[in-house]
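Hi,

Here is the structure I promised to pass on. Have a look at it first, and then read my notes below.

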Amino acid sequence: MIRSGYNPGVMSKQGMEKFRRRLLAWFDEHARDLPWRQTSDPYAIWVSETMLQQTRTNVVAEYYPRFLQRFPTLEALARASQADVLASWSGLGYYRRARALHESARAVIAEHGGVIPRTAAVLHRLPGVGVYTAAAVASIAFGERVAAVDGNVERVLTRYLGHEPVPGAARSGQLRQAALQMVDAKRPGDFNQAMMELGATICLPRGPLCLTCPVREGCATQGEHPAPRKRKMLSRKQALGLVQRRQWPKSEVLLEQRPADAAQMPNMWELPAVKAGKEGEMSLLLTVRHAITNTNYYVTVYGLANDEQKLLAKATGERAWIPVRDLHDKPLTGLTLKILKRLKVMPGYSGGGLAVVVGELARDAEKEFA
Ligand code: SF4
């Protein structure tokens, strides 16, 4: 509901100035101390903005320093193999982002002499760099006055201006125009980050904390907006498999590489599936829930001896024994990484000879992660 006397979507010049001033003052005091806020390196900012799309901040905070340690410069990233880049991305999901970042790094070397373009318009022409990422990098790293509108910003603006919530579609039209007008000319990067921060910490999707909101006074809805519809979660059972063997002095795991022409997650490594109906012949080790967009996957993990490989479903890609100590260097699917960590199969695990099988079709489980 819009407050009475409020004209939706219209802001006076003074109203905008007040909004900017209050938002930036709040951001200066309350901004979370996140690793990518300690740098002015355009490459590092670009990496963080790419990771932050579709991945939670706390997860990115864990992966970001490791990724930069491995690929500290644009040149290092461009020189790396795709398998190495995917291995460092493993667990972050949506691997298309990693491939695009890698491809873009090479394009910057080849077409821009290794210098990252300074404007959103040119950044957007790089492979896989969307409108949001281009605007975020151009404003934060180079101070261009452009609006970076992600889901959080869209929600803040929709509520503040009293627009009807139209997910996604609003970003391209009226809302984007309003966002551009609102961006602070002197501190565009901070302004964009402050808007994202407000959406992520105060103007929450459900239950916005309006009483502590720095721009509450001018907000058209102040929490009286329509509640977002609850996402209906589907559930599916799954089965995948892994066998571990010890060959003194090393321990190895049987993994399968997805075909190079697979529509989702090409070339990534995963646990092989098991034959449907054979689960009764295996010993249960673990059940994992793996949530992807609107689906909860319940994955059952079984123990399997080396000579029980006949219980695995037919391979669709190449299978190989991977030494446990090399697993971190392999581009593993997120589900596979999760299972190997949960079972402490990854380096540091001292158990021996176990086998793991996860139900039905892990490939389907991770299709959203492409
Ligand atoms: S007052 Fe409430 S609804 Fe309005 S912008 Fe602030 S947190 Fe969001």
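**What I found**

L211 is exposed, because its count is 9 other C-beta atoms within 10 Å. The scale behind that word goes like this: a residue is buried if 20 or more other C-beta atoms lie within 10 Å of its own, exposed if 12 or fewer, and partly exposed in between, with C-beta atoms placed from the backbone.

Two things to know before going further. This is a predicted model, where local features need pLDDT of at least 70, side-chain atom pairs count only at pLDDT 80 or more, and totals for chains, interfaces and linings use all residues. Residues are numbered from 1 along each chain as its sequence is written.

**The loop around L211**

L211 sits in the loop between α12 (188-201) and β1 (234-247). Those labels come from DSSP runs numbered from the N terminus: helices are H or I with at least four residues, and strands are E with at least two. Q222 belongs to the loop between α12 and β1 too. In sequence L211 and Q222 are 11 residues apart, and in space they are 8.6 Å apart, C-alpha to C-alpha. Q222 counts as partly exposed because it has 19 C-beta neighbours inside 10 Å. Its backbone is worth a look: phi of Q222 is near 45°, a positive value in a residue other than glycine. For background, most residues other than glycine have a negative phi.

N267 is another case, with a positive phi of about 70° although it is not a glycine. You'll find N267 in the loop between β2 (250-257) and β3 (269-270). With 18 other C-beta atoms within 10 Å, N267 is partly exposed.

**The ligand**

Which residues come nearest to the ligand? They are C203, P208, C210, C213 and C219, out of 14 residues around it. Here "near" is for a residue whose C-beta atom, placed from the backbone, lies within 6 Å of the molecule. Sorted by class, the shell has nine nonpolar, three polar and two charged residues. The classes are simple: Ala, Val, Leu, Ile, Met, Phe, Trp, Tyr, Cys and Pro are nonpolar, Asp, Glu, Lys and Arg are charged, and the others, Gly among them, are polar.

**The chain as a whole**

The protein chain has 14 helices and seven strands. Of its 370 residues, 41% count as buried. Taking contacts between residues at least 6 apart in sequence, 70% join residues at least 24 apart; a contact means that two C-beta atoms, placed from the backbone, lie within 7 Å. R21, in helix α1 (residues 13-30), gives you a pair to look up: R21 and D184 are 163 residues apart in sequence and 8.8 Å apart in space, C-alpha to C-alpha. R21 is partly exposed, with 13 C-beta neighbours inside 10 Å.

**Two helices**

Helix α3 (residues 57-70) has 14 residues and spans 20 Å from first C-alpha to last, close to the 20 Å expected at 1.5 Å a residue. That expected span is 1.5 Å times one less than the number of residues. There is a kink of about 30° at Y63 in α3, shortly before the proline P65; the bend is the angle between axes fitted to the seven residues ending at a residue and the seven starting there. V60, Y64, F67 and L68 of α3 are buried, and the buried residues of α3 pack against α2 (42-52) and α5 (82-89).

Now α8 (residues 131-142): 10 of its 12 residues are buried, so α8 is largely enclosed by the rest of the structure. Among the buried ones are Y132, V137 and I140. The cover over the buried residues of α8 includes α2, α7 (120-123) and α12. Just after α8, G143 takes a positive phi of about 70°.

**A hairpin**

Strands β4 (residues 283-292) and β5 (residues 295-303) pair in the antiparallel sense over nine bridges; pairing requires at least two DSSP bridges between the strands. V288 stands opposite V299 in β5, and A291 has N296 of β5 as its bridge partner. The hairpin of β4 and β5 has two residues between the strands, and T293 there takes a positive phi near 40°.

Cheers
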